[in-house]
Amino acid sequence: MAKRVRDIFSMFVLAIFSKVIGTKPYSRRSAPAEPESEANECLSWRLAVEANNMPGWSTVPLHCLSHVETYMMGGQYEQDVNYIVKQIESYVSQVVLKGDGCDAWILDIDDTCISNLFYYKDKNYGCDPFDPGGFVAWVMKGECPAIPAVLGLFTKLVEGGFKVFLLTGRDQQILAPATIANLHNQGFIGYHRVIFRNQSFKGKSAVVFKSEVRKQLVEEGYRIWGNVGDQWTDLQGECLGNRTFKIPNPMYCVP
């Protein structure tokens, strides 16, 4: 009985999550069941990815498609994100702000604030090679739904007095208007600044780009209390902040 109640609740939460764009993203495709040994191997692969023991990996192994699909669609991903956000909120509750307007928090955008799951579902959950043109076309639609737990965290940070910076590797010249409209539509209102990758960082790695931005914020006098991202490259380099928190993402890796 308890399992049945949990199943119904999970379906209800996922329906709300997808309502924003009027799609049914969590309908399972008829992928064949994995042999037990293969399923265990894919679980180990995902753990290695999340532990950053496979930096720079390119695509999800094809035989792990069913595993990643089940993880992303079956409720475990949402549970993991919710659990991590609770840890972040526990830390936030212990921070004593200086009250001088310089208490900062950094949030990544893609698959931290808003989700690209609908896009990657059509790309076999990351088994297909990255398609830059296809991703730009997806972003221009402005249909990325908010990740509910992170939207709640964002709201608490803003209301709690933090200056929230949204830091993204999206191209400023091409994707800024669509991204800002998408963020506003999903409830991300009240941030201090959205920072995009501009021409001066063209060709530079994510670690170099985000390190330089954080360093500039520190030089402006901001204290970075927290830094949240779905990629390890969001959380590496200089001026990381007092605490870093990793959101799970087994679908792609930004080197």
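The side chain of N116 makes a polar contact with the side chain of D110, at 2.9 Å. A polar contact here is a pair of N or O atoms within 3.5 Å; within protein, one must be able to donate a hydrogen and the other to accept it, and residues adjacent in sequence count only if both atoms are side-chain atoms. The side chain of W138 is joined to that of N116 by another polar contact, of 2.8 Å.

This is a predicted model: local features need pLDDT of at least 70, side-chain atom pairs count only at pLDDT 80 or more, and totals for chains, interfaces and linings use all residues. Residues are numbered from 1 along each chain as its sequence is written, and side-chain values use heavy atoms, with hydrogens and water left out.

Is N116 buried or exposed? N116 is buried, because its relative accessible area is 0%; buried means under 20% and exposed over 50%, with partly exposed in between, using a 1.4 Å probe and protein chains only.

Now the cysteines. There is one disulfide in the structure, a disulfide being a pair of cysteine sulfur atoms within 2.5 Å. C42 and C64 form it, with their sulfur atoms 2.1 Å apart. The torsion about their S-S bond is about -90°, so the disulfide is left-handed. Both C42 and C64 are buried.

C127 counts as buried because its relative accessibility is 11%. C144, at 0%, also counts as buried.
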